[in-house]
Amino acid sequence: MKYILTFLLLVSTALAQEKQRLETLLMLPEPREMRTERSIVPEGAQATVLSPAREIADVPGIEVYPKEDFAKLGLSPETFAERSKKTAERLLAEIKPDLIKGADGKVAYAVYRGDRPVMASLLIAPSLPVIFEEIFGAEIWVAMPDRHSLFVFAAKPEALEEFIPDLALRYKEDPHAASPEVFALKKGSAPRVVAAFAK
C-alpha cells in the first residue's frame with residue numbers, strides 16, 4: 001500500500017509539473033519607462049512597449065529577457081514577437097474568459113484573468129478579435145492594466161466609459177502594471193492604441 005501511495009504521489013507531481021510548463025516566448029506589455037533595446041513600440045503607443053519575456057518559477061512569475069539570455073536565442077525582437085503569437089494563440093485556447101453581462105442582459109465586457117502573469121500577453125493572439133466578433137463586432141478594444149488581466153470591450157467609447165476609473169486604479173496600484181492604454185484589435189491587423197485610461 002505504501003508503494004502504491006508513493007507511486008501515485010510521484011505521478012501526480014509529474015502531472016502538476018507538466019501542467020505548469022513555463023512559457024519562454026511571450027511579448028509582455030509594460031510601461032514605456034521599462035523599455036529596453038529589445039522592446040517593440042506598438043502602433044500609436046505613447047506609454048506602452050511590448051518586451052520579449054519568459055515565465056519564471058519565482059515571484060513575480062515573469063521576466064523580461066536579460067540581454068545576454070536573449071542574445072543566446074539568436075532571434076531579432078521582431079522574429080521573437082512573431083513566434084510569440086503562437087504561444088499567445090495556444091494560451092488563448094486554454095484560458096476561458098468571464099463574460100460579464102450588463103443590466104440589459106447583453107455582454108457588457110469580457111475579461112481574461114488568473115494567477116499566471118501571462119494574461120496581458122494575449123494581446124498579440126491573432127484570433128482574439130475573431131473570438132469576440134459575434135458579441136462585439138469586427139473590431140474590439142482591449143485594456144491590460146496589469147499582467148494578470150485583459151479586458152475586452154466593444155469598440156466604442158461608451159462601452160468603456162464606466163470602467164475607466166477601475167482600470168486606472170488597477171494600473172496605478174499594481175507594482176507590475178502592464179499598460180495605461182486601450183488597444184484596437186481587428187482580424188488581420190496589428191494591435192494599435194486608440195485611447196488611454198491613465199497617465
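Tutor: A term has to be settled before counting: helices here are DSSP runs of at least four residues, and strands are runs of at least two, numbered from the N terminus. On that basis the protein, which is a predicted model, has seven helices and nine strands. Of its 199 residues, 42% count as buried.

The strand to look at is β6, residues 139-143. Buried means under 20% relative accessible area. Four of the five residues of β6 are buried, so the strand is largely enclosed by the rest of the structure.

Next come the partners of this strand. Strands of a sheet pair through backbone hydrogen bonds, either parallel or antiparallel. One partner of β6 is β8, residues 181-186, and the two run antiparallel, joined by five bridges. Within β8, Val182 is the residue that stands opposite Ala143. Another partner is β7, residues 149-154, which pairs with β6 in the antiparallel sense over four bridges. Here Trp141 stands opposite Phe153 in β7. β6 and β7 also form a hairpin, with five residues between them.

Leu99 stands opposite Ala110 in β5. In a regular strand the side chains alternate between the two faces of the sheet.

The largest pocket holds about 380 Å³ of space. It is lined by 21 residues, and those nearest its centre are Lys85, Ile124, Ser189, Ala190 and Pro191. Two elements give two or more residues to this lining: helix α3 (77-94) and β8, the latter being the strand joined to β6 by five bridges. The most comes from α3, with four residues. By class, the lining of the largest pocket has 14 nonpolar, two polar and five charged residues.

The second largest pocket has a volume of about 200 Å³. Among the residues that line it are Val107, Ile135, Phe136, Ala154 and Glu158. The elements that give two or more residues to this lining are β5 (107-113), α5 (133-136) and α6 (157-161). Its lining has seven nonpolar, no polar and four charged residues.

Leaving aside neighbours within four places in sequence, Ser84 is in contact with Leu25, Leu26, Met27 and Ile124. Of these, Ile124 is also one of the residues nearest the centre of the largest pocket.

Contacts can be viewed across the whole protein as well. Among those between residues at least 6 apart in sequence, 57% join residues at least 24 apart.

To return to the strand you asked about: β6 is paired with β8 and with β7, and four of its five residues are buried.

Conventions:
Residues are numbered from 1 along each chain as its sequence is written. This is a predicted model: local features need pLDDT of at least 70, side-chain atom pairs count only at pLDDT 80 or more; totals for chains, interfaces and linings use all residues. Side-chain values use heavy atoms; hydrogens and water are left out. Buried means under 20% relative accessible area, exposed over 50%, partly exposed in between (1.4 Å probe, protein chains only). Two strands pair if DSSP finds at least two bridges between them. On a 1 Å grid over the protein atoms alone, a cavity is a set of points where a 1.4 Å probe fits but cannot get out, and a pocket is an open set with protein on both sides within 12 Å along at least five of seven lines; lining residues have an atom within 4 Å of a point. Grid points are joined across faces, edges and corners, and a volume is the space filled by probe spheres set on the points. Ala, Val, Leu, Ile, Met, Phe, Trp, Tyr, Cys and Pro count as nonpolar, Asp, Glu, Lys and Arg as charged, and the others, Gly among them, as polar. Contact means heavy atoms within 4.5 Å.
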